[in-house]
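Good morning, everyone. Please look at the sequence and the model on the screen, and I will go through the overall fold before turning to one pair of elements.

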Amino acid sequence: RFGRPVVCTNVGGLNDVIRDEFTGLVVPTDPDAIAAALARLAGDGTLRRRLGSEAQREAVARFTLAAWEERAARFAVAAGWTSHTERS
């Protein structure tokens, strides 16, 4: 099921996908920081629902097949592989 808040660390590109305080919580790679973020989520239902809802909206907007196709078409145009983004 989608729509869950995420706690991630600021390594490996995760902070390019998860936007801190909007679609999840991005914390340093420190066990105490991770524990504090999890405790914060556990104790704040409003925050969990808000982050989960925004994460689901963003996932649908960014990671559906249609969204990937659109980005691939724009990339192909930018790379000079094709001259337009219309589908045939």
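Predicted model: local features only at pLDDT ≥ 70, side-chain atom pairs only at ≥ 80, totals over all residues.

Helices (H or I, at least four residues) and strands (E, at least two) are DSSP runs, numbered from the N terminus. With that in mind, the protein has four helices and two strands, and along the sequence they follow the pattern β-α-β-α-α-α. The radius of gyration, taken over C-alpha atoms, is 17 Å, well over the 12 Å that the globule rule (2.2 Å times the number of residues to the power 0.38) gives for 88 residues, so the protein is more spread out than a compact globule. Along the principal axes, the C-alpha atoms fill a box of roughly 50 × 25 × 15 Å.

Residues are numbered from 1 along each chain as its sequence is written, and side-chain values use heavy atoms, with hydrogens and water left out.

Now, at what angle do the axes of helix α3 and helix α4 cross? The axes, which are lines fitted to C-alpha atoms over the stretch in contact, with angles running from 0 to 180 degrees between N-to-C directions, come within 5 Å and cross at roughly 45° for α3 (residues 45-63) and α4 (residues 65-79). The contact, meaning heavy atoms within 4.5 Å, is made by A61, R62 and F63 of α3 together with L65, A67, W68 and R71 of α4.
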